[in-house]
Amino acid sequence: MKMRFRLISISAPIIALTISFGLSSLILLIIGKDPYETFRIMFEYGSTGKSIVSIINRSIPLYISAIAVAVGFKMGLFNIGVEGQYLMGTLVAAYIGAQFSIITPIHILLIIIVAVLVSSMWAAIAGYLKVEKGIHEVISTIMLNYIGTGLIAYSLTTLFDEPNSNYDLPRTAELPETGKMPSLNKFFNIEDLQDLHGFLVVAILVGILYYWLVWKTTLGFDLRITGSNPIAAKFSGINPNRLIVIAMVVSGAFAGLVGLAPLLGYFHRYTIDFPTGLGFAGIGVALLGRNHPFGMAIGALLFAFLQRSAQILDLNDVPKEIEKMMQAFILLIVVVFYEVIRRFIVKQQIKDASKRTDE
């Protein structure tokens, strides 16, 4: 029985992707475009060497963002504040990291630590408000996103702006060479890896850490039990308030890593046009990947592929917004499908319990 449910759950993303292509094809036909030609162009452009590197680079922050969201999901919390948390952490890390220069590994490690600490403390506010004041984490994290955006705008223009700069837009000073993470090409000397972010290694380690934390530790067991049945968890001696704060802090710590791939590997400073939206995109990746590290990796690569391959559409007179519609279709169908599966499992469990009682 468990194997059948597992197979059904695994098939959900595949079914969602198939239906999404079907609905997108229908929309393309309505606006007078050839679906086969559109998807062929997207695939050809997205499968080139440079595109593959770009897709992997794009998927790194999406994957880490999904992990940050998934930690909360496992506890039954909806940390919608990953967006503000990673932007706050990245800004402070970029500013502090530009103030000194030491050997590269330690410099990068210190930048990572600063980002993680700032993001986790920002997330801890939402945990405190839920435990002490009873404020739902969705409300508090949304408000903290807005507050964070205001603080970032103020800090970037008044406190952290690069001194004596002729550049019109506010930005932090550039990280020294010791604070820049080299591409993987430096280590493997492979031409195709020339622009592949070295932060990929960190993302893989983060995935391993997340799996170990959630499925191999007592804390992870408590998180999963509380998320699935908070009443039973409370009667078993678990302190739910303590776990709420811990879950938000851990989620925020992972969120602090989201902006470091573009910071250390590409921008090397925090600017007014630093990539945003990664926190919200991570929610979709986490839902698609069922909060599993491997599933979220596939989801991040899929979303990154759609984003990259859609760039060629404007040049072929096809609106690239079709990519956003495909993502929306995939998420909507997956969420509905998982809810149907959940209800089916609950009904089956009730039937099995009734049979055992009758016997």
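**Entry 1: leucine 313**

I started with leucine 313, which counts as buried at 1% relative accessibility. My cut-offs: buried is under 20% relative accessible area, exposed is over 50%, and partly exposed is in between, with a 1.4 Å probe and protein chains only. The model is predicted, so I noted its limits: local features need pLDDT of at least 70, side-chain atom pairs count only at pLDDT 80 or more, and totals for chains, interfaces and linings use all residues. Residues are numbered from 1 along each chain as its sequence is written, and side-chain values use heavy atoms, with hydrogens and water left out.

Leucine 313 sits in the loop between α14 and α15 (322-358). Helices here are DSSP runs of H or I with at least four residues, strands are runs of E with at least two, and both are numbered from the N terminus. I then looked up leucine 313 against tyrosine 45. They are 268 residues apart in sequence and 9.7 Å apart in space, C-alpha to C-alpha.

**Entry 2: α13 and α14**

Next I checked how helix α13 (residues 278-288) packs on helix α14 (residues 293-309). The angle is about 130 degrees, and the axes are 8 Å apart. That makes α13 oblique to α14. Axes are lines fitted to C-alpha atoms, for helices over the stretch in contact, and angles run from 0 to 180 degrees between N-to-C directions. Under 35 degrees counts as roughly parallel, over 145 as roughly antiparallel, 65 to 115 as roughly perpendicular, and the rest as oblique. I logged the crossing of α13 past α14 as right-handed. In a right-handed crossing the near helix is turned clockwise from the far one by less than a right angle, and in a left-handed one anticlockwise.

**Entry 3: salt bridges**

I used this rule: a side-chain nitrogen of Lys or Arg within 4 Å of a carboxyl oxygen of Asp or Glu. The count comes to nine salt bridges.

Glutamate 44 pairs with arginine 40, with the closest N and O atoms 2.7 Å apart. The two are four residues apart in helix α2 (residues 35-46), so about one helical turn separates them. Glutamate 44 is partly exposed at 44%. Arginine 40 is partly exposed too, at 28%.

Lysine 130 bridges to glutamate 137 at 3.0 Å between the closest N and O atoms. Lysine 130 is partly exposed at 23%, whereas glutamate 137 is buried at 2%.

I found lysine 180 in a salt bridge with glutamate 177 (3.0 Å, N to O). Lysine 180 counts as buried at 14%, and glutamate 177 counts as exposed at 59%. Salt bridges with shared partners join Glu162, Arg171, Glu174, Glu177, Lys180 and Arg269 into one network.

**Entry 4: a nonpolar patch**

Which residues form a nonpolar patch on the surface? I listed Ile102, Ile103, Ile106, Leu109, Leu110, Ile113, Leu117 and Met121, with about 700 Å² of accessible area together. Patch residues have over 30% relative accessible area and no salt bridge; like charges are joined within 9 Å, nonpolar side chains (Val, Leu, Ile, Met, Phe, Trp, Tyr) within 5 Å. Areas come from the Shrake-Rupley method with a 1.4 Å probe, and for residues only the protein chains shown count as cover.

Isoleucine 102 lies in the loop between α4 (82-97) and α5 (104-133). I have isoleucine 102 as partly exposed at 33%.

**Entry 5: tyrosine 128**

Tyrosine 128 is in helix α5. At 45%, tyrosine 128 counts as partly exposed. I also looked up tyrosine 128 against threonine 178: they are 50 residues apart in sequence and 37 Å apart in space, C-alpha to C-alpha.
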